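Hello,

Here is the structure for you to pick up. My notes follow below it.

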Amino acid sequence: MAKDDFDLGPSWIWPDIQPELGALIRALQLPVFAQFSDGDMLFEHATGQTPQRYPTMAAAPPSIRVAGGMSTIVSALGKPLPAQCILLDTPITHIASTKEGVDLVTDGRGSISARQAVLAVPPRLAQALIHFSPALDEATVRRWRQTPTWMAPHAKFFALYERPFWRDAGLSGHARSAMGPMTEIHDATTASGQAALFGFLGLSASQRRQFNSETIAQACLLQFARLFGKDAASPRATLFKDWAADPLTATELDQSGGEHPFPASAPWLGEDWQDRLVLAASETSLTEPGYLAGAVEAGQRSAGTVIRRLERAP
Ligand SMILES: Cc1cc2nc3c(=O)[nH]c(=O)nc-3n(C[C@H](O)[C@H](O)[C@H](O)COP(=O)(O)OP(=O)(O)OC[C@H]3O[C@@H](n4cnc5c(N)ncnc54)[C@H](O)[C@@H]3O)c2cc1C
């Protein structure tokens, strides 16, 4: 079977309103499919009450998923690159400005010198993890810290089943809950038919830290069973990803909140760094900051900037 991952991070794209991302996916020839939403949704209003059924409202514009999971975009983008160009599990700890450009110091694999560098790490995270010499100016530090990394405070729970049994009952798998622990639930069945439900946890990052992942899984399965019946209590496997606890995603400042960054055209770097470093994280996008589409827009803009600079340089 082809690679078929569950999307523990981003699930959806909206190509109707994200043309650059849509064009990229078409250029990479990646198959897509619609988020399943046929049938009724459920709403849990209060403890002890039977969940209410309502027709599922189709998302407008439609939410589209990538067959094989979102990581197929990354794999497809990386495929034409020579293998030695990609260093996985190699965090950058220090970026130093040099006469020729920049030195990027890695955690454990020495340093890499370059004339230009593109930093595709969310600004708030980069400020927390990477030491810059010379130091970033105060205004830059303040701005990077104040730029939220969208969705970093969140966590997703998945239950994987032999078949999407809720569809037999005319349910779309979509549910909302005022009781939790999950507040928003969706059908997460993959393009190849691996059945699953997933939900966003409604507990804050600090509340989640008070429980181990087994306790969280039990509470989530109880909720799935309340909503979708006893079959939901016995998945073949569960998955839990707490992004707020991921040190390469979230900082202390991302343990609460969850607001969207605003598009902003002011330069992301002070004068010391402007001619050798470019920020390409989604948060720096002028059109879709925080979204995958923003990462594509910011990446294309950054690549253009670096190419122009290298062509101009002697
Ligand atoms: C739970 C969740 C659900 C989401 N749902 C959606 C959705 O449905 N649709 C959507 O459009 N967006 C969604 N998003 C947002 C989407 O994931 C981001 O927009 C996208 O990942 C941003 O891409 P990026 O390349 O800018 O940054 P990232 O994807 O965050 O990539 C940054 C990379 O830098 C690496 N890194 C961090 N520090 C260092 C370091 N010091 N040195 C080297 N590497 C480092 C990280 O490991 C990571 O691989 C969701 C996010 C989360 C967490």
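Val-102 stands opposite Ala-114 in strand β7. Strands here are DSSP E runs of at least two residues, helices are H or I runs of at least four, and both are numbered from the N terminus. This is a predicted model: local features need pLDDT of at least 70, side-chain atom pairs count only at pLDDT 80 or more, and totals for chains, interfaces and linings use all residues. Residues are numbered from 1 along each chain as its sequence is written.

Back to the strands. β6 (residues 102-106) and β7 (residues 111-114) are antiparallel, with four bridges. Pairing requires at least two DSSP bridges between two strands. Four residues sit between β6 and β7 in their hairpin, and there Gly-108 has a positive phi near 100 degrees.

β6 also pairs with β5 (residues 92-97), again antiparallel, over five bridges. Ile-92 faces Thr-106 of β6. A hairpin of four residues links β5 to β6.

Now the ligand. Its shell has 28 residues, and Pro-10, Met-151, Tyr-291, Leu-292 and Ala-295 come nearest. Elements giving two or more residues are α3 (123-129) and α7 (292-312). α7 supplies the largest share, four residues. A residue counts as near if its C-beta atom, placed from the backbone, lies within 6 Å.

By class, 20 shell residues are nonpolar, seven polar and one charged. Nonpolar means Ala, Val, Leu, Ile, Met, Phe, Trp, Tyr, Cys and Pro; charged means Asp, Glu, Lys and Arg; the others, including Gly, are polar.

The ligand lies between domain 1 (19-73 + 151-245) and domain 2 (86-147 + 261-312), because both give residues to its shell. The domain bounds come from an automatic or database assignment.

Best wishes
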